[in-house]
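Please keep the sequence and the structure in view while reading.

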Amino acid sequence: MTNLIQEGSKVILYLGYNNLHVIKAKANEVYQTKFGALKHNDLIGKEFGSKIICTKGYVHALSVIPELWTLALPHRTQILYMADISLILLELDIKPGSIVIEAGTGSGSLSHSIIRSLRPNGHLYTFEFHELRSNLARNEFEEHGLSQFVTVQHRDVLSNGFEHENIADAVFLDLPAPWNAIEHVMKVLKKTGGRLCTFSPCIEQVQRTCQRLHMNNFEEINTVECLRRIHEFRYQHRSKIRFTADQNQEEIIDRKSNKREPDDDDGDEEEETTTNKKLKNDSEATTKRQPQETESTLTAIGPLVMPGHTGYLTFAYIKQE
Ligand SMILES: C[S@@+](CC[C@H](N)C(=O)[O-])C[C@H]1O[C@@H](n2cnc3c(N)ncnc32)[C@H](O)[C@@H]1O
């Protein structure tokens, strides 16, 4: 596969963190970005990964890889993100040669990562009962050069099952009622053994799924919630704290030079005036201090705002023979 952007190539434009745009390169077209106009002709013939100059800045032109596609894809449904996806791929043991069943396809976010893990000799069968969604997903796989690794079927898997039997190493369900698909899952999984994962936002859905899995002799049933905390590392500049005698001395001298001791015979009024003056003098002393030296410390900063709960992942295993 060429690493050059060609007429018709899909390109992910990286404008900044969380600011990705998807375009298709087309000769003589112009795309407007916050960094000004981007001429498609400046893209065509360049290597993926290149920096492309716009009229008021630049962007990076990146290829469609699953991590970026998940962040940039057109949302037709709720989608899965990388924290959950990475755990799903690991726990379902998806590797080159795996045969995987997925329902529903949704926006194809997870599908792209599954395909990358099972290629070049595995296959994904993905089912979607919303016809437009299944057609759009099929078109995208074709545009991304993935058609040979995936079959998209427009089908209600709860009513009609998965069509195939005894073929799958792993099944993934992102459906509102996954427990109603368990009998179909048992048919499609290899008799020699296979893995299942279901994704559900609510714990009540998880309970019903687990009960049904248990009734059907699934083993190693466990549910996890995967939360991602990104820590930022950065240098912070702080004033050095000095406890030296010199500094104390400096402070005392400053205060003494402005001090007026109250006279014993002074009345309350006088006393109050003096106290006010002392306060004023103290604050002047503070401002008279030398500017303090600063030092840089490498610090880890936890997320101030964190994406919360997405859903629960329930994993299970079955060996039927
Ligand atoms: C939340 S989306 C899946 C998102 C997908 N995991 C992703 O990462 O892009 C759930 C999809 O399941 C589909 N769906 C719901 N019930 C279904 C059924 N019985 N058979 C097939 N697809 C179904 C819906 O139309 C929807 O597109």
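## Terms and basis

A residue is called buried when its relative accessible area is under 20%, exposed when that area is over 50%, and partly exposed in between, with a 1.4 Å probe and protein chains only. By this rule Ser107 counts as buried, because its relative accessibility is 2%.

The model is predicted, so local features need a pLDDT of at least 70 and side-chain atom pairs count only at pLDDT 80 or more, whereas totals for chains, interfaces and linings use all residues. Residues are numbered from 1 along each chain as its sequence is written, and side-chain values use heavy atoms, with hydrogens and water left out.

## The shell around the ligand

The ligand is surrounded by 22 residues, and the closest are Glu128, Arg133, Asp156, Val157 and Asp174; a residue is near the ligand if one of its heavy atoms lies within 4 Å of it. By residue class, the shell comprises eight nonpolar, nine polar and five charged members, where Ala, Val, Leu, Ile, Met, Phe, Trp, Tyr, Cys and Pro count as nonpolar, Asp, Glu, Lys and Arg as charged, and the others, Gly among them, as polar. At least two shell residues come from each of helix H4 (109–118) and helix H6 (157–160); helices (H or I, at least four residues) and strands (E, at least two) are DSSP runs, numbered from the N terminus.

Polar backbone atoms of Leu80 and of Ser107 each lie 3.1 Å from an oxygen atom of the ligand, while Arg133 places a polar side-chain atom 2.8 Å from a ligand oxygen. Of the 610 Å² of accessible area that the ligand has on its own, the protein covers 92%, as computed by the Shrake-Rupley method with a 1.4 Å probe.

Ser107 sits in the loop between strand E7 (99–103) and H4. An unreviewed UniProt entry lists Ser107 under "binding site", together with Gly108, Ser109, Leu110, Glu128, Asp156 and Asp174; such annotations may be inferred rather than shown by experiment.

## Salt bridges

The structure holds eight salt bridges, each defined as a side-chain nitrogen of Lys or Arg within 4 Å of a carboxyl oxygen of Asp or Glu. One of them joins Glu143 and Lys24 at 2.8 Å, N to O, and this pair links distant parts of the chain, with Glu143 in helix H5 (residues 131–143) and Lys24 in strand E2 (residues 19–24), 119 residues apart. Both ends count as partly exposed, since Glu143 has 39% relative accessibility and Lys24 has 42%.

Glu140 pairs with Arg76, the closest N and O atoms being 2.9 Å apart, and so connects helix H5 to the loop between helix H2 (66–72) and helix H3 (82–91), across 64 residues. Here Glu140 is buried because its relative accessibility is 7%, and Arg76 is buried at 19%. Through shared partners, salt bridges also join Lys10, Lys24 and Glu143 into one network.

## A buried threonine

Thr209 belongs to helix H8 (residues 203–215) and counts as buried because its relative accessibility is 0%. The side chain of Thr209 reaches the backbone oxygen of Gln205 at 2.8 Å.

Conventions: A polar contact is a pair of N or O atoms within 3.5 Å; within protein, one must be able to donate a hydrogen and the other to accept it, and residues adjacent in sequence count only if both atoms are side-chain atoms.
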